[in-house]
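Trainee: Hi! Could you walk me through this one?
Mentor: Happy to, let's look at it together.

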Amino acid sequence: MTPNPIFGDRMPVWAELDELLDKPEFDLSRTGINATYQRLQAFGRVLGPATEVHRDAERLMAGMEWAGIIDPAMMHAAMVHYGVATTALVECGRPGGDLDPLIADLDTMDAPGAIVATELGRGGSQVNIRTEARYHRDRSSFILHTPDDTALKIMPNVGWTGLARTAVVNARLIVDDTDHGVHAFAFRFPHPQARVTVLPGGAPVPLDYSVIRFQHAEIPFGYWLSDTATITGTGVNDPLPAGQRLARSLSGVNAAVTSAAVALASATRAAVAIAARYNTQRLIGYPGTPTLGFSTHRAQLASAVAHVYATGFYVDKVRRDFINERLSTAATGTPQQVEHASYAPWLAANRDRTLAKVAATTTLEGIGATCRRLCGFQGVLHANRIAVYEDMARSFHAAGGDTRLLLLEAGRQLIEGTSAPARSAPGIGMGDSRSVCRLVSVHERVLADQLRHRINHDDAGDHLHDIERLARVHIVRRTLQEFHQAATNSEGRWRTVLDSARHLYGIDALLDSAGWHLNHGSLHPGDLDVLHNAHAAAAEDVARHLDALIDGLAVPPGRVGGFIGRTDYIDRVAALVR
């Protein structure tokens, strides 16, 4: 069978990184912050210096996919290091002088990157940052200061003192007592005027999360990541308005959210591969019925497989777009333009990319739970990896932009950007993927049209639920589009296999929104019975192609580790007590 074509370009990078799995740093029985950062540095030595990886977006994305399977904590730190800190210093900093030692330490990972943005009194939003960076003309330096407790920085992974960090701090630029909005500044931890304390307790992705108070911490002028802004004799000359400057100060957003999306999609592939391999061996009851002999379990696994492929193709589209954008920027020297975003500045740079992160997070959360339940008690053991991936999903509902805020911002944009609803004939052809896409498009257009006529743009509070739902329906439509394109571009048996998964995913999507379609006449009551029968048949079709679909996920058992994702899992567990 023709292998899954979407992974061909990164297989060589994954093969390089797989050689790390025999190294002591990648013994996953070694836990704790020290082990995580030793793993990160070993990963960096193979993936490459930060500035080189910045110029090779394809290698960056391949590395994040691999890291998402191996160790979510390491992946998170690597995403911030390569995606946020390196991007900000390279793209917005002035080369030479003060920044050069910091960039050199990013290259060697002697001081890995960090992002210091979120503040204690502002939850997951970076819109109202209050930390100050006050310019002192006489010293040609900046003083970072926390004005009160609500402005304490919270969550950066800089708490462990065993390793220096090169951070990007978002703060309000104050020049001559005038506030010029949020800008980005480089900062080296530890610093004598920055008090850092590790937050107590654990977290889904275990890192050295911290709370930070800046106490008149002085930094050189060159640490200002000024981008196109300059300080003049009378103030600040900035060609960007405040909203765009805020988004630009989070200049690593594109790399960060794309890194997160590909890593989350990769972890979902791993969770499904583990569950499928275990359930082909797992026996239930006496004398022992194979798990996949139960139609309920078989249908659940089939839907999980369909969803992982669907989200994977959407994420792969934004991955390719990101790589092409980096290549274009390198050729022209012109950075991507950013737009203002009122709820979530992370969304300002690219809506599709950020929503792919939302889709990948939501898919991993839901599919991870399904896989855990399919594996019984084995699924809850961290050694078998599925629960670790679920923890990753929980973390990324906040990391890389708060999911709900991103959906609200996207929905707000879609109200004005979605065309009026087309006329739709009732009923649905169950074998026609275009009919599914048509019905989802109708759902999106009608929601947008209704909101356009009902909403008060100064106060959308009464319609936030519908705004969020509009964004979620948009994600489904985009996912269906990319799945359709990927299947259409495939050939031979691989086309047949993908069509089976695409058909099941489309039926799942319609069942999720069947109530809305029934209320609006785009489905009739009898259609629901047809959908349920079609779902059962489509799940059986996917189950017949299960081996090919699992092989197509490109997740070898040796990469995921654990016990139950291997054919010899009984021998491996038994070896513990021999």
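Trainee: What does the side chain of Ser 490 reach?
Mentor: The side chain of Ser 490 reaches the backbone oxygen of Ala 486 at 2.8 Å. That is a polar contact, meaning a pair of N or O atoms within 3.5 Å; within protein, one must be able to donate a hydrogen and the other to accept it, and residues adjacent in sequence count only if both atoms are side-chain atoms. Before we go on, this is a predicted model, where local features need pLDDT of at least 70 and side-chain atom pairs count only at pLDDT 80 or more, while totals for chains, interfaces and linings use all residues. Residues are numbered from 1 along each chain as its sequence is written, and side-chain values use heavy atoms, with hydrogens and water left out.

Trainee: Thanks! And where is the place of Ser 490?
Mentor: Ser 490 is in the loop between helix H14 (464-488) and helix H15 (492-512). Helices (H or I, at least four residues) and strands (E, at least two) are DSSP runs, numbered from the N terminus.

Trainee: Is Ser 490 buried or exposed?
Mentor: Ser 490 is buried, with a relative accessible area of 9%. Buried means under 20% relative accessible area, exposed means over 50%, and partly exposed is in between (1.4 Å probe, protein chains only). Not counting residues up to four places away in sequence, Ser 490 touches Arg 495 and Leu 498; contact here means heavy atoms within 4.5 Å.

Trainee: You mentioned H14. At what angle do H12 and H14 pack?
Mentor: Helix H12 (residues 403-417) and H14 pack at an angle of about 85°, with their axes 7 Å apart. Axes are lines fitted to C-alpha atoms, for helices over the stretch in contact, and angles run from 0 to 180 degrees between N-to-C directions. H12 and H14 are therefore roughly perpendicular to each other. For the wording, angles under 35 degrees count as roughly parallel, over 145 as roughly antiparallel, 65 to 115 as roughly perpendicular and the rest as oblique.

Trainee: Which residues make that contact between H12 and H14?
Mentor: Among them are Leu 407, Leu 408 and Arg 412 of H12, and Ile 467, Glu 468 and His 474 of H14. The residues of this contact of H12 with H14 divide into 10 nonpolar, 3 polar and 4 charged. Ala, Val, Leu, Ile, Met, Phe, Trp, Tyr, Cys and Pro count as nonpolar, Asp, Glu, Lys and Arg as charged, and the others, Gly among them, as polar.

Trainee: Now another pair. How do H8 and H11 pack?
Mentor: Helix H8 (residues 253-279) and helix H11 (residues 386-396) pack at an angle of about 155°, and their axes are 9 Å apart. H8 and H11 are therefore roughly antiparallel to each other. The contact includes Ala 263, Ala 270 and Ile 274 of H8, together with Tyr 389 and Phe 396 of H11. Its residues divide into 13 nonpolar, no polar and no charged.

Trainee: And how many residues of H11 are buried?
Mentor: H11 is mostly covered, with 10 of its 11 residues buried. Tyr 389, Glu 390 and Asp 391 are among them.

Trainee: What does Val 560 touch?
Mentor: Val 560, found in helix H19 (residues 557-560), touches Ile 69, Ala 270, Ile 274, Arg 385, Tyr 389 and Val 555, not counting residues up to four places away in sequence. Val 560 is buried, with a relative accessible area of 1%. Val 560 and Ala 271 are 289 residues apart in sequence and 8.8 Å apart in space, C-alpha to C-alpha.

Trainee: Let's switch to Glu 65. Which side chain does a polar contact join to Glu 65?
Mentor: A polar contact of 2.9 Å joins the side chains of Glu 65 and Arg 10. Glu 65 lies in helix H4 (residues 57-70) and counts as buried at 2% relative accessibility. Leaving aside neighbours within four places in sequence, Glu 65 is also in contact with residues including Trp 14, Ala 263 and Arg 319.

Trainee: What about the backbone: which bond is cis, with omega near 0°?
Mentor: The peptide bond from Phe 189 to Pro 190 is cis, with omega near 0°. Pro 190 sits in the loop between strand E6 (178-189) and strand E7 (194-198). A cis peptide bond also joins Tyr 286 and Pro 287, where omega is about 5°.
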